[in-house]
Amino acid sequence: MNTDIGRYAIRLLVAVLIIAMAFLVWRIVDVLLLVFGAVLLAVLLRSLSDVISRYLRLPSGWSLAAAVLLLILGLAACGWLFGRELSAQVDQLTELVPQAWHQMKGYLQQHAWGRLLLDQLKDIDAGSLSDGVVGSAGSVLMTTIGAVGNALLVAAGALYLAAQPRLYRNGMVALVPRRAEERTSEALDAAGHGLRQWLKGQLVSMTAIDWSP
């Protein structure tokens, strides 16, 4: 009888621990995503740094700085290209929308229900619309600030990881019991190699996309 109670208590304790771990992961999922993003960016920077160091015979620190500069220039070039295209699309949209509204308004004025609809639109409180626009703009601004802050955290974490990857790897290995250090080290090395291969495949697939309009 006591044995059955002991087994039941152990199972209950394990279930409670699993639920608690799942709840903890759910609560810190945003932090885990930031950590994963920092790791991916660090792998990219370290890969670029190794390539630069191999071909230019630069020290590790200088090759990492060159990798960061190269990545910033690449992002700036992509932002300029997409920004230029987006600006052209916005200019075209600002020209088409007034024309479309003028045509729609002319069509509505030809029908009784259309004129009634236009009268209803005139009665809309402009103040409430402006308050809604201001509220939406504030929400977008706060979301943008949060996104920029998260991006800076990811970039800072990636720089720390890429600057001394061996130090943080050894630190993670030191957290596990001694008998599991070898397996943990092998798992981390395999995970790093897998991330590099996956990231390389993603970059190759992106360069193969036809970006022409």
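**Helix 2 and its neighbours**

Helix 2 is followed by Arg57, a residue with a positive phi near 55°. This is a predicted model, and the values given here are computed from it.

The chain as a whole has seven helices and zero strands. Along the sequence its pattern reads α-α-α-α-α-α-α. Of the 213 residues in the chain, 11% are buried. Take the contacts between residues at least 6 apart in sequence: 53% of them join residues at least 24 apart.

Now return to helix 2. An α-helix has 3.6 residues a turn, so residues three or four places apart point the same way.

The next step is how two helices lie against each other. Two packed helices are described by the angle between their axes and the distance between the axes. For helix 2 and helix 3, which covers residues 60-109, the angle is about 115° and the axes are 8 Å apart. The crossing of helix 2 past helix 3 is right-handed. Helix 2 contributes Leu41, Leu44, Leu45, Arg46, Leu48, Ser49, Ile52 and Ser53 to the contact, while helix 3 contributes Ser60, Ser63, Leu64, Ala66, Ala67, Val68 and Leu71. By type, the residues of this contact are ten nonpolar, four polar and one charged.

One residue of this contact can be followed in detail. Is Ser49 buried or exposed? Ser49 has a relative accessible area of 0%, which is under the 20% cut-off, so Ser49 counts as buried. Ser49 belongs to helix 2, residues 29-56. Leaving aside residues up to four places away in sequence, Ser49 touches Ser60, Ser63, Leu64 and Ala67. Its side chain also reaches the backbone nitrogen of Leu64, at 3.3 Å.

Ala158 lies in helix 5, residues 126-163. Ala158 has 0% relative accessibility and therefore counts as buried. Which residues does Ala158 touch, not counting residues up to four places away in sequence? They are Ala38, Leu41, Ala42 and Leu45. Ala158 and Leu45 are 113 residues apart in sequence, yet their C-alpha atoms are 8.0 Å apart in space.

Terms used. Residues numbered from 1 in each chain as written. Predicted model: local features only at pLDDT ≥ 70, side-chain atom pairs only at ≥ 80, totals over all residues. Heavy atoms only, no water. Helix = DSSP H or I, 4+ residues; strand = E, 2+ residues; numbered from the N terminus. Buried < 20%, exposed > 50% of the residue type's maximum accessible area, 1.4 Å probe, protein only. Polar contact = N/O pair within 3.5 Å; in protein donor to acceptor, adjacent residues only side chain to side chain. Contact = heavy atoms within 4.5 Å. Axes fitted to C-alpha atoms, helices over the stretch in contact; angles between N-to-C directions. Left-handed = near helix turned anticlockwise from the far one by under 90°. Nonpolar A, V, L, I, M, F, W, Y, C, P; charged D, E, K, R; others polar.
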